[in-house]
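Work through the exercises below with the sequence and the model at hand. Try each task before reading its solution.

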Amino acid sequence: MKIVHRERVDDSCLAGVIKDPLLRQLLVSRGMTSAQDLQLELKDLYHYRTLKDIDKAAELLCEALQNKDHIRVLGDYDVDGMTGTALGVRCLRAFYADPGKVSFQVPSRYDDGYGLNAQMVKKAAEDGVKLLLTVDNGISCHEAVDEAKKLGLKVVVTDHHEPGATLPAADAVVNPKRHDDAFPSKNLCGVGVLFYVMIALRAKLKEAGYFDAQHEPPVLSQFLDLVTIGTIGDVVPLDANNRRLVRAGLQRMQHLRAQPGIMALAQHVKINMAAVNAYNVAFDICPRLNAAGRLKLADNPAVDCLLTDDYQAACEYADRLNNCNLRRGDYEKQFLAEAREDAAMCSREHSIIVFRPHWLTGIAGLLASRLKDQFARPCFVFAGEGEEVTGSARSVPGFPLARALAEINAEHPGLLMRCGGHSMAAGATIQAARLEEFREIFEECAARYLTCCPEPEIISDGVLPPGYFNLGFARALEYYGPWGQGCPEPQFDGEFMIQNIRLLGSRNLRMRLTGQYEHFDAIRFRASAQEKMLQQGMKVRTVFSLVVNRYNGMERLEAKIHAIEPV
């Protein structure tokens with residue numbers, strides 16, 4: 001385990017705001033340089049008008065609502081796409097649209113593939129849809145948009161994925177990553193982009209005199225729990241703007257003002273909603289919303305769970321989603337053992353690509369993430385039994401996946417049938433017969449970016465002084481969150497003695513650690529086989545974060561272990 005201490009930065013900008021020198025250093029090193037950055041108030045959100053085409057999108061949606069046209073929201077099968085779909089439907093209905101005039105469709109990962117396609121467009125036209133509103137997809141769906149225009153449909157694309165050389169011929173394309181877009185943050189996820197569009201639509205409707213004494217403008221903050229879950233679930237960087245959205249959504253959830261489906265999911269996994277945090281969302285709620293889309297099922301109850309206002313129905317959906325997650329876990333365990341076996345035999349220095357036809361494409365991303373963590377190389381996991389195979393990739397720092405795939409596509413036309421994604425996560429579809437060719441080309445591309453296979457590094461904020469092992473400091477860290485991608489949770493390192501240790505279930509380790517001046521409880525989730533061999537009396541080196549454990553109305557200090565090994 002190679003521990004790298006974060007470099008110190010000049011934190012004088014917060015000297016008059018934060019007295020504690022360690023806390024001040026932690027915050028400034030994560031880009032928080034003013035009181036405004038710490039307060040994270042919604043009034044300081046970046047204004048929607050700087051998003052390119054957002055006025056066009058609002059105008060088109062405003063006309064459709066005034067004309068009582070049928071609007072269809074077309075989402076995606078991941079958490080971002082499904083929360084975005086639910087947000088679009090709930091907002092349009094809150095704008096007094098006839099529920100029968102607002103429909104939605106989330107594609108099947110296995111039957112439809114990613115994003116808007118021609119079949120979905122034709123079905124929409126047959127159903128009398130006049131306007132298609134995409135969320136978390138559409139920026140690369142040129143053919144489907146062209147088909148929609150031929151059939152006379154209006155198309156509003158809202159997306160956050162990297163655009164290609166040309167934009168689809170939609171009536172409006174709202175995407176902060178557009179090359180001509182001046183929006184200050186490029187890190188909005190799909191549901192975040194659509195939330196901004198709904199803010200613009202509300203303003204446009206007010207301007208048009210759409211609301212009256214009987215139909216007042218709805219308060220859109222009531223849907224921030226959906227924005228929060230989608231933002232956390234899509235692992236986008238938590239810049240100041242996204243942190244404002246996430247904090248506001250978490251606060252609503254903590255005050256029990258969440259959608260019934262979210263409340264039902266939280267109850268099902270025994271989350272204390274009064275203290276719900278980003279960790280609960282990422283590891284308890286998101287996997288269950290994602291689970292059904294990863295399996296080959298006839299229907300996906302996730303969006304229905306997010307849309308229902310009937311709490312009993314929400315509980316039934318939550319139960320189905322939990323069962324899907326249990327099945328997903330069984331598949332993942334089996335496939336991961338096989339993937340690790342294949343990866344260990346890989347002789348390539350800079351990348352890993354594995355494939356087995358019986359693996360589920362919906363679980364490929366999870367497998368790639370686990371392999372990337374273990375082998376510290378960009379990993380592609382392919383699955384599929386037909387002539388085409390689909391893969392998901394996860395990357396390491398220094399290797400931008402989306403850019404790399406774009407380069408491969410330009411240098412080897414026709415090799416990638418479909419591709420897209422972000423710097424750290426992406427996907428592609430290729431012909432099964434060309435998999436070995438792709439392996440060689442991907443390795444060459446990785447070698448250009450990664451001169452050698454780096455030893456896995458763990459970033460630490462340093463050795464935590466003894467006086468900071470207390471609830472007060474843990475509460476302060478919690479207060480200045482949320483933490484996540486791009487704004488990492490503060491974590492520290494040190495050497496301790498294991499006072500006692502036990503296995504919880506089959507995956508988690510509960511232990512008591514002691515040092516020269518401190519002793520505290522700790523937990524290691526998803527312990528490896530080597531970590532499960534740790535015993536009482538061993539001296540260990542560990543990297544950890546401090547959290548507040550709340551149970552039965554009581555609070556106690558706990559360390560969340562990120563890495564641990566014998567000294």
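Two strands pair if DSSP finds at least two bridges between them. Strands (E, at least two residues) and helices (H or I, at least four) are DSSP runs, numbered from the N terminus. The model is predicted: local features need pLDDT of at least 70, side-chain atom pairs count only at pLDDT 80 or more, and totals for chains, interfaces and linings use all residues. Residues are numbered from 1 along each chain as its sequence is written, and side-chain values use heavy atoms, with hydrogens and water left out.

**Exercise 1.** Find the strands that pair with β16, and state in which sense they run.

Solution. 
1. Locate β16 at residues 539-551 and β13 at residues 492-504; six bridges join the two, and they run antiparallel.
2. Turn to β17, residues 554-566, which is antiparallel to β16 with twelve bridges.
3. Start again from V540: its bridge partner in β17 is P566.

**Exercise 2.** Trace the pairing from β8 through β9 to β11.

Solution. 
1. β8 (residues 379-383) and β9 (residues 388-394) are antiparallel, with five bridges.
2. Within this pair, A393 in β9 lies opposite F380.
3. Four residues separate β8 and β9 in their hairpin, and G384 in the turn has a positive phi of about 130°.
4. β9 also pairs with β11 (residues 425-431), antiparallel and over seven bridges. T390 has T429 in β11 as its bridge partner.

**Exercise 3.** Describe the lining of the second largest pocket.

Solution. 
1. On a 1 Å grid over the protein atoms alone, a pocket is an open set of points where a 1.4 Å probe fits, with protein on both sides within 12 Å along at least five of seven lines; lining residues have an atom within 4 Å of a point.
2. Note the volume, the space filled by probe spheres set on the points: about 370 Å³.
3. Count the lining: 21 residues, with V106, P107, S108, D299 and N300 nearest the centre.
4. Assign elements: β3 (102-105), α11 (278-294) and α12 (302-307) each give at least two lining residues.
5. Sort by type: eleven are nonpolar, four polar and six charged. Asp, Glu, Lys and Arg count as charged, Ala, Val, Leu, Ile, Met, Phe, Trp, Tyr, Cys and Pro as nonpolar, and the others, Gly among them, as polar.
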